[in-house]
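Colleague: I would like to learn how to read a model like this one. Could you take me through it feature by feature?

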Amino acid sequence: MKNVIELIKHNNKSHPEFQYYIPLIEKALSNLSKHPDITIEICKSLLEGVSKSILERTTDQFSRADLDKMDVAPLVKQATFQLRYHDNVYEDEFTRICFTLAQAMGTLRNARADISHGKAVPKLKQSNEKLSTFSMQMTACIIHYMLDALFSIPPAISDSDEEEEEKVVKYEDNPEFNLYLDEERPIEGRVLYSRALFEQYNEDYLIQLSDFEYIQENEGDN
């Protein structure tokens with residue numbers, strides 16, 4: 001699970017909300033031998049939580065209320081299915097394996113959980129460190145894949161980004177820069193150097209405009 005923590009921390013800037021899972025992972029690690037059934041329960045909860053988070057970010061098919069009603073296996077299946085649209089190495093067999101494991105984790109948690117399903121004493125089934133470690137390793141593999149696939153999805157372009165991309169620089173918008181060009185390189189006759197550069201070598205015009213604006217900003221700061 002430590003690789004999952006590292007993955008979440010590495011993507012903290014773009015997905016800070018996933019820091020929420022780190023204390024849960026750390027609690028699962030600390031209970032591997034002392035309270036293995038707590039570790040198993042946390043593993044199941046992590047599969048549920050990460051799957052819900054993925055579904056909320058990749059499809060509008062489910063409301064949060066819908067997701068809260070779903071069991072862990074269908075959640076994992078739906079989440080890995082959604083990730084297929086953004087992963088060019090996706091395999092249908094992987095979804096089946098994840099679904100089977102999640103189903104097994106759900107059954108194991110229901111039979112042995114100490115928190116969500118309180119048990120009468122003496123408790124009839126006790127897990128050991130080997131079982132909790134195996135459960136954590138399998139959970140870590142799935143969650144790492146799912147989160148890595150989610151974090152790799154390019155962010156959606158917002159309306160403001162699209163407007164910025166569509167913004168066209170007009171010659172008339174930069175009179176101060178145009179005057180600067182014309183004074184630096186005067187041309188006899190009716191043609192202005194700034195106008196000729198804008199119309200015939202627009203890319204060069206934009207580069208010099210950017211440099212000019214940068215210099216003006218620095219002079220203003222000073």
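**Helices, cores and contacts**

Modeller: Let us begin with a pair of helices: H1 passes H2 in a left-handed crossing. Left-handed says that the near helix is turned anticlockwise from the far one by less than a right angle, and right-handed that it is turned clockwise. Please keep in mind that this is a predicted model, where local features need pLDDT of at least 70, side-chain atom pairs count only at pLDDT 80 or more, and totals for chains, interfaces and linings use all residues. Residues are numbered from 1 along each chain as its sequence is written, and side-chain values use heavy atoms, with hydrogens and water left out.

Colleague: How many helices and strands does the protein have?

Modeller: Both are DSSP runs numbered from the N terminus, with at least four residues of H or I for a helix and at least two of E for a strand. Here there are 11 helices and zero strands.

Colleague: Back to that first pair. At what angle do H1 and H2 pack?

Modeller: Angles run from 0 to 180 degrees between N-to-C directions, and axes are lines fitted to C-alpha atoms, for helices over the stretch in contact. H1 and H2 pack at about 165°, with their axes 10 Å apart. Angles under 35 degrees count as roughly parallel, over 145 as roughly antiparallel, 65 to 115 as roughly perpendicular and the rest as oblique. H1 and H2 are therefore roughly antiparallel to each other.

Colleague: Which residues of H1 and H2 meet?

Modeller: A contact is a pair with heavy atoms within 4.5 Å. From H1 come Lys2, Val4, Ile5, Ile8 and Lys9, and they meet Tyr21, Ile22, Ile25, Glu26 and Leu29 in H2. The residues of this contact divide into seven nonpolar, no polar and three charged. In that scheme Ala, Val, Leu, Ile, Met, Phe, Trp, Tyr, Cys and Pro are nonpolar, Asp, Glu, Lys and Arg charged, and the others, Gly among them, polar.

Colleague: And how do H1 and H7 pack?

Modeller: Their angle is about 15°, with the axes 9 Å apart, so H1 and H7 are roughly parallel to each other. H1 passes H7 in a left-handed crossing. Asn3, Val4, Leu7 and Ile8 in H1 meet residues of H7, including Ala140, Ile143 and Leu147.

Colleague: Is Ala140 buried or exposed?

Modeller: Buried means under 20% relative accessible area, exposed over 50% and partly exposed in between, using a 1.4 Å probe and protein chains only. Ala140, in helix H7, is buried at 6%. Of the protein's 222 residues, 39% count as buried.

Colleague: Which residues touch the most other members of the largest nonpolar core?

Modeller: A nonpolar core joins buried Ala, Val, Leu, Ile, Met, Phe, Trp, Tyr and Cys residues through side-chain atoms within 4.5 Å. In this one, of 44 residues, they are Met1, Val4, Ile8, Ile143, Met146 and Leu147. H1, H2, H3, H5, H6 and H7 each give two or more residues to this core, and H7 gives the most, with 10. A second, separate core has nine residues, among them Tyr193 and Phe212.

Colleague: What does Ile8 touch?

Modeller: Not counting residues up to four places away in sequence, Ile8 touches Phe18, Gln19, Tyr21, Ile22, Ile25, Leu147 and Phe151.
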